[in-house]
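Here is a short report on one protein model. Keep the structure open while you read.

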Amino acid sequence: MNAIVIFGRLCLAAIFVYGSITGILDFSMKQEMIANKGLPIPTVLLLGNIVFQIVGAISLITGLQTRWGSLVLIVFLVPTTLVFHNFWVNSEETIPFLKNLGLIGGLLMVYSLASYMDD
């Protein structure tokens, strides 16, 4: 496996590892953020958030089932981006929105290239 590909997957995974750890350590604060957005069952949504990030990050780090792992992270990112980074209401959310858009693009590349590499 190409070292650059592995390093790229590690770089992508880093933000999801960090996100899952902060979700666990700041559980009540994150739960309140979800509730403040008017979303139902914030505890279940936060647990799903943490699980999706952990599963996707492990997939990227290990190189096992990277197509599925990247899809899991995309499924996590799309609603998260639309709900929490609505730059059309708050211009301060433009950079986080674009960051997530870039992550989705990177994950789409991982998804498409994984079929050409050993998983």
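Is Gln65 buried, exposed or partly exposed? Gln65 is partly exposed, because its relative accessible area is 49%. Buried means under 20% relative accessible area, exposed means over 50%, and partly exposed lies in between (1.4 Å probe, protein chains only).

## About the model

This is a predicted model, in which local features need pLDDT of at least 70, side-chain atom pairs count only at pLDDT 80 or more, and totals for chains, interfaces and linings use all residues. Residues are numbered from 1 along each chain as its sequence is written, and side-chain values use heavy atoms, with hydrogens and water left out.

## Positive phi in the loops

Gln65 lies in the loop between helix 3 and helix 4. Helices are DSSP runs (H or I, at least four residues), numbered from the N terminus. Gln65 is not a glycine, yet its phi is positive, about 55°. Most residues other than glycine have a negative phi.

Ile41 is another residue to check. Its phi is near 40°, a positive value in a residue other than glycine. Ile41 sits in the loop between helix 2 and helix 3. It counts as exposed because its relative accessibility is 54%. Gly63, which follows helix 3, has a positive phi near 80°.

Helix 3 (42-62) has 21 residues. From first C-alpha to last it reaches 30 Å, close to the 30 Å expected at 1.5 Å a residue. The expected span is 1.5 Å times one less than the number of residues.

Which residues of helix 3 are buried? They are Pro42, Leu46, Asn49, Ile50, Gln53, Gly56, Ala57, Ser59 and Leu60. Their cover includes helix 1, helix 2 (27-36), helix 4 (66-84) and helix 5 (94-114). Take Gln53, found in helix 3. Gln53 counts as buried because its relative accessibility is 5%. Not counting residues up to four places away in sequence, Gln53 touches Ile15, Phe16, Gly19, Ser20, Leu73 and Phe76. Contact means heavy atoms within 4.5 Å.

## A nonpolar patch on the surface

Now look at the surface. Ile6, Phe7, Leu10, Val17, Ile21, Ile24, Leu25, Ile54, Ile58 and Ile61 form a nonpolar patch there. Together they have about 870 Å² of accessible area. Such areas come from the Shrake-Rupley method with a 1.4 Å probe; for residues, only the protein chains shown count as cover. Patch residues have over 30% relative accessible area and no salt bridge; like charges are joined within 9 Å, and nonpolar side chains (Val, Leu, Ile, Met, Phe, Trp, Tyr) within 5 Å. A salt bridge is a side-chain nitrogen of Lys or Arg within 4 Å of a carboxyl oxygen of Asp or Glu.

Helix 1 (3-25) and helix 3 each supply at least two residues of the patch. The largest share, seven residues, comes from helix 1. Val17 has its place in helix 1. Val17 counts as partly exposed because its relative accessibility is 31%.

## Aromatic pairs

How many aromatic pairs are there? Rings of Phe, Tyr and Trp (its six-membered ring) pair if their centres lie within 6.5 Å; planes under 30 degrees apart count as stacked, over 60 as edge-to-face and the rest as tilted. By this rule there are four aromatic pairs. Phe87 and Trp88 form an edge-to-face pair, 5.3 Å centre to centre with 75° between the planes. Phe87, Trp88 and Phe97 form one aromatic cluster.

Phe87 counts as partly exposed because its relative accessibility is 35%. Trp88 counts as exposed because its value is 51%.

## The loop between helix 4 and helix 5

Glu93 is in the loop between helix 4 and helix 5. Asn86 is found in the loop between helix 4 and helix 5 too. Glu93 counts as buried because its relative accessibility is 18%. Asn86 is buried because its relative accessible area is 17%.

Leave aside neighbours within four places in sequence. Glu93 is then in contact with Phe84, His85, Asn86 and Phe87. Asn86 is in contact with Lys37, Thr81 and Glu93. Glu93 and Thr81 are 12 residues apart in sequence and 9.6 Å apart in space, C-alpha to C-alpha.
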